[in-house]
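This briefing goes through one protein model, from its overall make-up to single residues. Keep the sequence and the structure in view while reading.

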Amino acid sequence: MVGALAIGVIAPGAVAGSVETSADSVLLAQGINPHPVRLTTPPAKPLSAMAQLGRRLFHDANLSGSERMSCASCHDPVHAYGPPGPVSVMVGGPDMHAAGFRAVPSLRYLYRQPAFTIGPDTSSGDNDAAPTLQQQSQQALAHDKVLKTALSPQAASVNLVPQGGIFWDGRADTLQQQASGPLFNPAEMAASTPESVATRIEHAKYAPAFRGLFGPNVFENSKLLMSEAMFAIARYQIEDTSFHPFTSKYDSWLEGKSRLTAAEARGYLAFNDPAKGNCAACHLDKPTQDGLPPLFTDTQYEALGVPRNAAIPANRDAGYYDLGICGRADMRDQVQFCGMFLTPSLRNTATRKVFFHNGAFHTLDEVMDWYVNRDLQPERFYSRDASGQVTQYDDLPAQYRRNVDTADAPFNRHPGDRPALDSREIQDVIAFLRTLTDGYRAGGH
């Protein structure tokens, strides 16, 4: 097994692209981190008055049109601020009968999420001279794509690609903007107007806190009131460490305080192997140079060709498609991004019961099976047309299916090829993914 381990996997403290020594391989085979680091995590401090107010708003169902749905209804603290159950989309609206269109993402680990852009960030600091999204999109068209691999994800930094932003399509740049989206979405909290929300806040038990923080006249301007309320929710998510605890077994292992089991260690290696899982190409698992814990996402967007989910009521209309980035009003003409959705963090992924933007899968076994066999056995995952032919990538219109990633492993396989991962390796990767669940205590779980 030691020989299999010496595949050039980057150790957490090593320089990208370095090859492990035989001693490192032996330690990894024993589940020991050969390069422990000291992680810099957000300090636990008492919440500010603003964040305390945000917490009350986050849990207040009376702000919704139905008076039965709060932020926490979909972003359940008990489920890593993700959906509380296995349904593909949540049900909300003014009468709690309106089905959503996308699976609920987790709100954990968004505190370091950058704003949406295309291509590398502007380093000059001259924001007034920064190109528009449309200009960036056209520049991206002129660049050949460099493949992303787990061994050297930084090699793809020359690509001009969508990155950053919040929601599956990146349409919000800040937690403050994100908080207001579900509040007024008619299929979610369905608050009718800012004025109606302001009235409900004015009659809430925490109304005095608003006057104390923002002055006695705060309720005279509903627009200002809403801005302050959404800012308070954002401060809650930034200050409360439950939104970014970094208490997984993997974090403990990074610091040399825990040892991986044999299956977890094998899964870690397969996760990082560009010829196997190649997962770390997008789900970065190394600490930053200044010791920040990995977020297990590169915050970029991919078109994966996830199967159409018949459980979403909107999909009963054969002409309806969720186009991801190019479904946004400001990106509608950028068809090269149709079908692209945000790469989520894999932290706490083992606690989820619904995966991908459309909730097409409900277990990690299903997810990994699809990743490995998507193009080897498409008939297992996709629908058939009237002639009986498999419609691969059936949740995208035919003209956009060319956007689906078929170059990066494990999506570079064809029928008849050997799968990138065998059944045991799949289970090993899942074992490793379970080490990303928060709440671990050394010597136990």
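The model is predicted. Leu 183 is also among the residues with the most contacts inside the largest nonpolar core.

**Overall make-up**

- The protein has 13 helices and six strands.
- It has 445 residues, and 51% of them count as buried.
- The accessible surface of the protein comes to about 20,100 Å². Carbon and sulfur atoms account for 54% of that surface.
- Among contacts in the protein with a separation of 6 or more, 69% are between residues 24 or more positions apart.

**The nonpolar cores**

- The largest nonpolar core holds 44 residues. Besides Leu 183, the residues with the most contacts inside this core are Leu 57, Phe 58, Ile 201, Tyr 206 and Phe 210.
- Which elements give two or more residues to this core? They are helix H3 (49–58), helix H4 (71–74), helix H6 (175–184), helix H7 (194–202), helix H8 (207–214) and helix H9 (222–239).
- H9 gives the largest share of this core, eight residues.

**Helices H3 and H9**

- Two packed helices are described by the angle between their axes and by the distance between the axes.
- For H3 and H9, the axes come within 7 Å and cross at roughly 105°. The two helices are therefore roughly perpendicular to each other, since angles of 65 to 115 degrees count as such.
- On the H3 side, the residues in this contact are Met 50, Ala 51, Leu 53, Gly 54, Arg 55, Leu 57 and Phe 58. On the H9 side they are Ala 229, Phe 231, Ala 232, Ile 233, Arg 235, Tyr 236 and Glu 239.
- Sorted by class, the contact of H3 with H9 has ten nonpolar, one polar and three charged residues.
- Leu 57 and Phe 58 take part in this contact, and both are listed among the residues with the most contacts inside the largest core.

**Helices H11 and H13**

- How do the axes of helix H11 (residues 262–272) and helix H13 (residues 423–434) lie, and at roughly what angle do they cross? They come within 7 Å and cross at roughly 100°.
- H11 and H13 are therefore roughly perpendicular to each other.
- From H11, the residues that meet H13 are Ala 263, Glu 264, Arg 266, Gly 267, Tyr 268, Ala 270 and Phe 271. Their partners in H13 are Arg 424, Asp 428, Val 429, Ala 431, Phe 432 and Leu 433.
- By class, the contact of H11 with H13 has eight nonpolar, one polar and four charged residues.
- H11 is mostly covered, with eight of its eleven residues buried. The buried residues include Glu 264, Tyr 268 and Phe 271, which also meet H13.
- Leu 269 lies in H11. Its relative accessibility is 5%, so Leu 269 counts as buried.
- Leu 269 and Phe 432 are 163 residues apart in sequence, yet their C-alpha atoms are 9.2 Å apart in space.

**Residues in loops**

- Ile 32 lies in the loop between helix H2 (22–29) and H3. Is Ile 32 buried or partly exposed? At 24% relative accessibility, Ile 32 counts as partly exposed, because buried means under 20%.
- Ile 32 and Arg 259 are 227 residues apart along the chain, and their C-alpha atoms are separated by 5.2 Å. Leaving aside neighbours within four places in sequence, Ile 32 is in contact with Leu 27, Trp 253 and Arg 259.
- Glu 67 is in the loop between H3 and H4. Its phi is near 60°, a positive value in a residue other than glycine. Glu 67 is partly exposed, with a relative accessible area of 43%.
- Tyr 109 is in the loop between strand E2 (98–99) and strand E3 (117–118). Phi of Tyr 109 is positive, near 65°, in a residue other than glycine. Tyr 109 counts as buried at 3% relative accessibility.
- Pro 410 is in the loop between helix H12 (364–373) and H13. A cis peptide bond, with omega about 5°, joins Ala 409 and Pro 410.

Note on methods:
Residues numbered from 1 in each chain as written. Predicted model: local features only at pLDDT ≥ 70, side-chain atom pairs only at ≥ 80, totals over all residues. Heavy atoms only, no water. Core = buried A, V, L, I, M, F, W, Y, C linked by side-chain atoms within 4.5 Å. Buried < 20%, exposed > 50% of the residue type's maximum accessible area, 1.4 Å probe, protein only. Helix = DSSP H or I, 4+ residues; strand = E, 2+ residues; numbered from the N terminus. Contact = heavy atoms within 4.5 Å. Areas by Shrake-Rupley, 256 points an atom, 1.4 Å probe, with all protein chains shown as cover. Axes fitted to C-alpha atoms, helices over the stretch in contact; angles between N-to-C directions. Parallel < 35°, antiparallel > 145°, perpendicular 65-115°, else oblique. Nonpolar A, V, L, I, M, F, W, Y, C, P; charged D, E, K, R; others polar.
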